[in-house]
Amino acid sequence: MIPASTVRNLQKNYGAKSLALAIFVGLGFLILGYPTVCRGVVLGAVFSTLNFVWMSLTLHKQIKADRVKASISSFINLCCRYAFIAIPVVVAIKFPRFNLIATIAGLFTVQVVILADHLYRNFFFSGEGEKGAFTWKN
Amino acid sequence: MTLDIEIGVKIATFVGAGISMGMGAIGAAIGEGYTAAAANSALSRNPDNAGDILKNMLVGQAVAESAAIFSLVIAMLLLFSSTPNPQPITIWAYLAAGLCMGFGAIGSGVGSGFPAASACEGMARQPAAGRRLTTSMLVGSAVCQTTSIYALVIALILMFFDFTKQPFGPTWAALMGAGLSTGIAAIGPAIGEGKVAGACCEGIARNPSSAGPITNLMLLGQAVSETTGIYGLLISFILLFKGFAATPDLAPAFGLVSAGLCMGLGAIGPGIGEGLAASSAVSWLGRNAEAQPILIRSMLVGQAVSESTGIYSFVVALVLIFVM
Amino acid sequence: MAIEGVDIVKAAAFLGAGISMGLGAIGPGVGEGMAAAKACEAIGRNPQEAGLLTRTMLVGQAVSESTGIYSLVVALLLLFVV
């Protein structure tokens with residue numbers, strides 16, 4: 001009933017864009033001479049992307065007929081995901097090799113990519129924005 | 001004695017981190033659950049459009065989660081970063097930071113559930129407007145996150161600014177008041193803004209041709225709903241940086257905590273009320289596009305009157321800080 | 001530091017003032033918002049009657065406002081009279 005391929009395409013698209021953005025920004029900081037910032041951004045972005053992939057893989061669990069089972073399983077899932085995103089923050093606090101602020105900023109890469117993607121499409125291609133990777137045709 | 005203070009600071013970090021993460025997760029869980037429920041009903045209504053609905057649900061939940069990630073970051077910073085110079089004031093600062101971020105994340109988590117839910121339902125009704133719906137949903141839920149960003153800023157100041165030089169006398173109370181003010185004041189505006197964004201998605205689904213005016217009215221309504229949250233932020237900044245004369249008395253200290261509580265609680269009602277007024281105006285703009293100017297006017301008048309009790313709280317908080 | 005009775009009374013009065021105004025602001029805020037929401041709905045349905053509807057909305061809101069003003073009065077009494 002649920003076409004898994006469309007969600008997988010979206011996940012691949014945003015995951016790839018987030019990683020590309022992180023590598024691009026990280027390389028910029030590396031060239032400017034801030035290696036710890038580069039490591040932090042990439043670390044945060046990797047976990048942000050993995051969290052997004054995890055979300056999309058478990059999406060169908062939230063859409064189940066049994067309400068109680070769905071609630072419990074998605075709440076446990078939520079807690080596990082938050083424990084997972086806590087890892088880079090703890091790593092950045094414990095090891096000065098990773099810049100803490102850059103890691104925290106990196107955790108929001110997927111959100112930034114989603115917002116930027118939509119605003120870009122909406123304001124610059126408002127007429128014929130159905131092109132590109134993020135189309136609303138199945 | 002130093003050992004006691006160290007133990008106290010440890011306890012404060014545990015309690016603060018627990019409150020921050022617990023409340024943040026509750027908000028996100030409610031918002032995501034609401035989205036999932038709406039997506040479920042949308043799927044049953046229009047199974048052919050399942051791909052778009054699921055994509056929208058995923059994107060909406062990913063953005064709605066930011067507030068919970070803020071509180072996660074604060075909780076981890078509280079738990080794992082070391083305190084160089086533990087003092088009695090540090091205990092209060094950490095507790096206040098946890099409370100501030102915890103309360104601040106609830107509203108944003110719940111609030112961003114509304115636009116995501118309405119967008120999923122709208123996509124079942126009007127599949128052609130899908131892209132427009134997702135964009136408005138994202139803008140709406142991004143605005144919902146602003147109050148939790150205020151809470152994040154205040155929590156970070158509470159944790160990393162050095163308050164040890166200031167007299168313990170009323171400063172502990174000023175820090176607690178600052179945390180409560182921004183934290184509790186973030187709940188109402190975020191839920192109200194979420195309601196407005198939800199109505200915007202509903203209106204676009206009903207009448208995709210007037211998506212532009214509807215989105216503009218949504219942003220106007222959200223900006224007005226935000227004001228009481230900004231009062232809370234202002235009171236917090238005054239409490240943090242005014243600098244109070246040392247006093248051993250209880251009364252001035254309780255006055256400062258009370259100022260924070262007053263502004264925090266007082267911002268909830270106007271925030272939600274203004275959100276309700278704006279959401280109704282936005283949703284009726286979708287049905288009756290000709291009435292736009294008159295709807296905007298009556299929305300602003302209604303919101304201005306709802307704002308009054310928030311202003312009373314602001315005034316009482318200022319009196320508690322400056323006159324008492 | 002000796003905590004005296006007067007000090008405790010003053011502290012409690014301040015706390016009471018803050019809670020009174022804070023909690024007292026929730027109800028009127030939400031209620032007036034609901035009145036405004038219904039007025040917007042009615043104006044959307046029937047824009048010709050906008051003047052009458054706005055007047056009715058303002059009267060209703062003024063009445064809901066009264067409990068907020070009571071809280072303000074109680075808070076000011078606690079601050080300045082007690």
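# Asking how we know: chains A, B and C

Chain C of this predicted model holds two helices and zero strands.

Me: Why is chain C called more spread out than a compact globule?
Reply: The radius of gyration of chain C is 19 Å, whereas the globule rule gives 12 Å for 82 residues, and because the value lies well over that figure, chain C is described as more spread out than a compact globule.

Me: What share of the residues in chain C is buried, and what makes a residue count as buried?
Reply: A residue is buried if 20 or more other C-beta atoms lie within 10 Å of its own, and buried residues make up 48% of the 82 residues in chain C.

Me: How do you know which pair of chains shares the most contacts?
Reply: Two residues are in contact if their C-beta atoms lie within 7 Å, and of the two pairs of chains in contact, chains B and C share the most contacts. Here 41 residues of chain C are in contact with 48 residues of chain B. The elements that give two or more residues to the side of chain C that touches chain B are α1 (5–45) and α2 (50–80) of chain C, and α1(C) gives the most, with 28 residues. By class, this side of chain C has 27 nonpolar, nine polar and five charged residues.

Me: What is known about the contact of chain B with chain A?
Reply: In that pair, 35 residues of chain B are in contact with 36 residues of chain A. On the side of chain B that touches chain A, two or more residues come from each of α1 (2–45), α2 (50–64), α3 (66–80) and α6 (130–144) of chain B, with the largest share, eleven residues, coming from α2(B). The residues of this side of chain B divide into 23 nonpolar, nine polar and three charged.

Me: How far apart are the nearest C-alpha atoms of chain A and chain C?
Reply: They are 28 Å apart, and chain A and chain C do not touch.

Me: Why are α6(B) and α9(B) called roughly antiparallel?
Reply: The axes of α6(B) and helix α9 (residues 187–206) of chain B come within 9 Å and cross at roughly 170 degrees. Because angles over 145 degrees count as roughly antiparallel, α6(B) and α9(B) are therefore roughly antiparallel to each other. Where the two helices meet, the residues of α6(B) include Leu133(B) and Met137(B), and those of α9(B) include Ala197(B) and Ile204(B). The residues of this contact divide into ten nonpolar, four polar and two charged.

Me: Which residues touch the most other members of the largest nonpolar core?
Reply: Among the 184 residues of this core, they are Ala96(B), Ala97(B) and Leu158(B), while the largest share of the core, 21 residues, comes from helix α11 (residues 250–287) of chain B. Leaving aside residues up to four places away in sequence, Leu158(B) touches Ala93(B), Ala96(B), Ala97(B), Cys100(B), Leu175(B), Ala178(B) and Gly179(B).

Definitions and conventions
Residues numbered from 1 in each chain as written. Chains lettered and ligands numbered in written order. Predicted model: local features only at pLDDT ≥ 70, side-chain atom pairs only at ≥ 80, totals over all residues. Helix = DSSP H or I, 4+ residues; strand = E, 2+ residues; numbered from the N terminus. Nonpolar A, V, L, I, M, F, W, Y, C, P; charged D, E, K, R; others polar. Core = buried A, V, L, I, M, F, W, Y, C linked by C-beta atoms within 7 Å. Buried ≥ 20, exposed ≤ 12 C-beta atoms within 10 Å, placed from the backbone. Rg over C-alpha atoms; globule rule 2.2 N^0.38 Å. Axes fitted to C-alpha atoms, helices over the stretch in contact; angles between N-to-C directions. Parallel < 35°, antiparallel > 145°, perpendicular 65-115°, else oblique.
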